[in-house]
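Me: I have a model open and would like to talk through it with you. Could we go step by step?

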Amino acid sequence: MMTNVQFGTLGGTVCSVWSSFDWGNMVHTAVLAAVGATVSYLVSRLLDGRRLRRRR
């Protein structure tokens, strides 16, 4: 069971960390990660398809 002091400390910590995030950069990073993952997947599928065609 948490005491009032522990709840206050946890709440203050969460609020200070929450306000320090730059949400614009977080969204930008998430978009770039999604684009990078998509391109990586498509290139690997393309290269895998070429390899399969050569073997036959």
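Reply: Happy to; below are some questions and answers on this predicted model.

Me: Let's begin with the fold. How many helices and strands does the protein have?

Reply: The chain runs to 56 residues. Helix H1 covers residues 4-20, and helix H2 covers residues 23-55. The count is therefore 2 helices and 0 strands.

Me: What share of the residues counts as buried?

Reply: To count as buried, a residue needs under 20% relative accessible area. The protein exposes about 5,300 Å², with 66% of that supplied by carbon and sulfur atoms. The share of residues that count as buried is 0%.

Me: Which residues form the nonpolar patch on the surface, and how much accessible area do they have together?

Reply: One member is Val39, which sits in helix H2. Its relative accessible area is 46%, so Val39 is partly exposed. The patch is made of Val27, Val31, Val35, Val39, Val43 and Leu47, and together they have about 510 Å².

Me: Now the rings. Is the pair of Trp18 and Trp23 stacked, edge-to-face or tilted?

Reply: The structure holds 2 aromatic pairs. In the pair of Trp18 and Trp23, the ring centres are 5.0 Å apart and the planes meet at 55 degrees. Stacked would need under 30 degrees and edge-to-face over 60, so this pair is tilted.

Me: At what angle are the planes of Phe21 and Trp23?

Reply: A pair of aromatic rings is described by the distance of the centres and the angle of the planes. For Phe21 and Trp23 the centres are 5.4 Å apart and the pair is tilted. The angle of their planes is 45 degrees.

Me: One last point: which backbone oxygen does the side chain of Ser16 reach?

Reply: Ser16 lies in helix H1 and is partly exposed, at 42% relative accessibility. Its side chain makes the contact at 2.9 Å. The backbone oxygen belongs to Thr13.

Notes. Residues are numbered from 1 along each chain as its sequence is written. This is a predicted model: local features need pLDDT of at least 70, side-chain atom pairs count only at pLDDT 80 or more; totals for chains, interfaces and linings use all residues. Side-chain values use heavy atoms; hydrogens and water are left out. Helices (H or I, at least four residues) and strands (E, at least two) are DSSP runs, numbered from the N terminus. Buried means under 20% relative accessible area, exposed over 50%, partly exposed in between (1.4 Å probe, protein chains only). Accessible areas come from the Shrake-Rupley method with a 1.4 Å probe; for residues, only the protein chains shown count as cover. Patches are made of residues with over 30% relative accessible area and no salt bridge: like charges are joined within 9 Å, nonpolar side chains (Val, Leu, Ile, Met, Phe, Trp, Tyr) within 5 Å. A salt bridge is a side-chain nitrogen of Lys or Arg within 4 Å of a carboxyl oxygen of Asp or Glu. Rings of Phe, Tyr and Trp (its six-membered ring) pair if their centres lie within 6.5 Å; planes under 30 degrees apart count as stacked, over 60 as edge-to-face and the rest as tilted. A polar contact is a pair of N or O atoms within 3.5 Å; within protein, one must be able to donate a hydrogen and the other to accept it, and residues adjacent in sequence count only if both atoms are side-chain atoms.
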